[in-house]
Amino acid sequence: MKTKLVIFGITGDLGHRKLLPAISRILRTGDFDNLEIIGVSRHEADVRQLLESSLGNVDDIVDRFSMFTMDLSAADEYVRLKDRLALEADEQVIAYLSVPPLSATQIVDMMGQVGLNSSNVKIMYEKPFGMDYESAVDLINRTDRYFSDDQVYRIDHYLAKEMAQNIVAFRGGNALFSHIWNGDVIEKIEVLALEKIGIEGRAHFYEQTGALRDLVQGHLMQLLSLTLMQIPEDFEWSKLPDMRLAALEQIDIAKPELAIRGQYDSYRQEVDNPSSTTETFVSLRLHSLAPEWHGVPLILTTGKGLDQKTTEIRVHLRKAHEAQSNCIKFKIQPDEGVEMEFFVKKPGYDREFERQQLKFSYPEDADLPDAYEQVIVDAIKSRKSLFTGSQEVLRSWEILRPVQSEWQTSGDSLRIYKLGSRPEDIIGDNII
Ligand code: BG6
C-alpha cells in the first residue's frame, strides 16, 4: 500500500534531529519503496537544503520528498492540501503532527472539517497529551470527533526504545524470570530517567510543564507498566496496550506526601523567573493494588541537571539474609542491555562473597533502530503496540492528579539542588 507521510512542522527541531534521520534510514533499507514524504511548513523551504542540513548527502532519497507551504490556521488551505494528496482508496495518509499541542488540535479539527479523515488517514502525535486529566479528556474528545481511536497513534518514544521492548521479551521469553515476577520474590522496583542536561533553552515549554508532566506522566509510567503488566500467554504484541492499561489501573492514586520535588540551582535565572516553583526533579513512591504486587514500593525518579545520563529499571529481589542481594537492571540507555548483580565466592583461601555482574549487552557495532524509526514503521504497518492508548493517558493523569494539585498550590516543599547532584543527595533518606 502506498503511504503518504505528511509531516507538519518538518522544519522544526524534532524534524531536524530525529524525524529526518529516522526517515532516511527507513528509506535506505530499500523495504519502503511505496513511501512518499510531504513536509508541511508555514514558510517556503527548499527541500534539498532542508534535508542536507540534517542528513548530508541526500542524492539517493531527495526525490522521495516534497514540500507543501500553507497557513495552518486557514480552513481552505486544508482543501488545497487534500487536493494535493489526492488520496486513493488503496493508499494511506499518515499525518505526523510535530507541532505544539495547540496547533496539533487545530490541525486535527481542520483536517476533520475538510474530510481528510477517511479510514485510510492516520494521525500521529506526541506528548504532552494534555496538561492534566481534564485537558487530556478534552484533547481526546476533540480528536474523537473526527477520528476513531484506531486511526490515532500517540507516540511515547520511550515505549519504542529497543530495550523497553526487550523488557517484554526478557520477561516473557525466559521461564527463569517469568516465574519470579511478583512481590513474593521482588522487594522493590525503581524506574529512573536521570539526565545531565538542563532544559536546553526550552524555558517557555518547561515553565509550563515541569518534570512530573514531561517525564513521569508518560515515559516513566509506561516503563513501569511494562515492568508490572501480565505478559500475554500467546505473546501477541497487539495485546500490550491493554496489558499496560490493566497494570496502570491497579496503581493506586499517588500520595503527595510520598513525592519529592527539586529544582536545580540555576534554573530560575535560566527561565528568568525568580519565583518559579517548576520542578526539574521528581521522586515518587507508588503502590500497586494488584495482589501479586502487594506491598512492593514502586519508585519513579527523574531529573535534569544531575550527575549522569541513565535510564534504567532496577528490580530488587528480596533477601533471605544479609549476604544476599540481587538486582536485575534493564538498562534502557546508554549501554543498552540487561545486568544482574549477584554474589559469588571470592577466589582464594577464604570463604568470602563478592559482588559480580552477569551482563547481556548488544555488540558495540550493533545498529539499534532509533525509537522514531520504530514508531514510523509501526504506524505504516498499522501496528499499535508501541503507542499509548487514550485510556492509558487518562489513567496516568488520574494517578498523578493529587500531586499535581498539591504542587500547584504550594511551593513549600521544593528542594533546590546544585547542578551535577546525585539523586540520592536530593532525596536523602526520605522515601526510598
Ligand atoms: C522528552 C522530554 O520527551 O524526552 C525531554 O521532553 C527529555 O525533556 C527527553 O530530555 C529525553 O529523551 P531521551 O530519549 O533522550 O531519553
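How much area is buried between domain 1 and domain 2, and what share of it do carbon and sulfur atoms give? Keep in mind as you look that this is a predicted model. The buried area comes to about 2800 Å², and carbon and sulfur atoms give 66% of it.

Let's step back and see what is meeting here. The protein splits into domain 1, covering 2–155, and domain 2, covering 162–427. If you take the centres of domain 1 and domain 2 over their C-alpha atoms, they sit 30 Å apart. Domain 1 puts 33 residues into the contact, while domain 2 puts in 30 residues.

Why quote an area at all for a place like this? The size of an interface is often given as the accessible area lost when the parts come together.

Charged and polar pairs turn up at this interface too. Between domain 1 and domain 2 there are four salt bridges. Elsewhere in the list of pairs, E373 and R25 form a salt bridge, with their closest N and O atoms 2.8 Å apart. Across the interface of domain 1 and domain 2 you also get 14 residue pairs in polar contact, counting pairs where both residues have pLDDT 80 or more.

**Around the ligand**

Now for the ligand. Which residues are around it? They are K127, H157, Y158, K161, E195, R202, D214, H219, K304, K309 and Q333. Sorted by class, this shell has seven charged residues, three polar ones and one nonpolar one.

| Residue | Distance to a ligand oxygen atom |
|---|---|
| H157, N or O atom of the side chain | 2.8 Å |
| E195, polar side-chain atom | 2.6 Å |
| D214, polar side-chain atom | 2.6 Å |

How much of the ligand does the protein bury? Taken alone, the ligand exposes 400 Å², and the protein buries 80% of that.

Notes: Residues are numbered from 1 along each chain as its sequence is written. This is a predicted model: local features need pLDDT of at least 70, side-chain atom pairs count only at pLDDT 80 or more; totals for chains, interfaces and linings use all residues. Side-chain values use heavy atoms; hydrogens and water are left out. A residue is near a molecule or strand if one of its heavy atoms lies within 4 Å of it. A polar contact is a pair of N or O atoms within 3.5 Å; within protein, one must be able to donate a hydrogen and the other to accept it, and residues adjacent in sequence count only if both atoms are side-chain atoms. Accessible areas come from the Shrake-Rupley method with a 1.4 Å probe; for residues, only the protein chains shown count as cover. Ala, Val, Leu, Ile, Met, Phe, Trp, Tyr, Cys and Pro count as nonpolar, Asp, Glu, Lys and Arg as charged, and the others, Gly among them, as polar. Domain bounds come from an automatic or database domain assignment. Contact means heavy atoms within 4.5 Å. Buried area is the accessible area (1.4 Å probe) that two parts lose on being put together, summed over both. A salt bridge is a side-chain nitrogen of Lys or Arg within 4 Å of a carboxyl oxygen of Asp or Glu.
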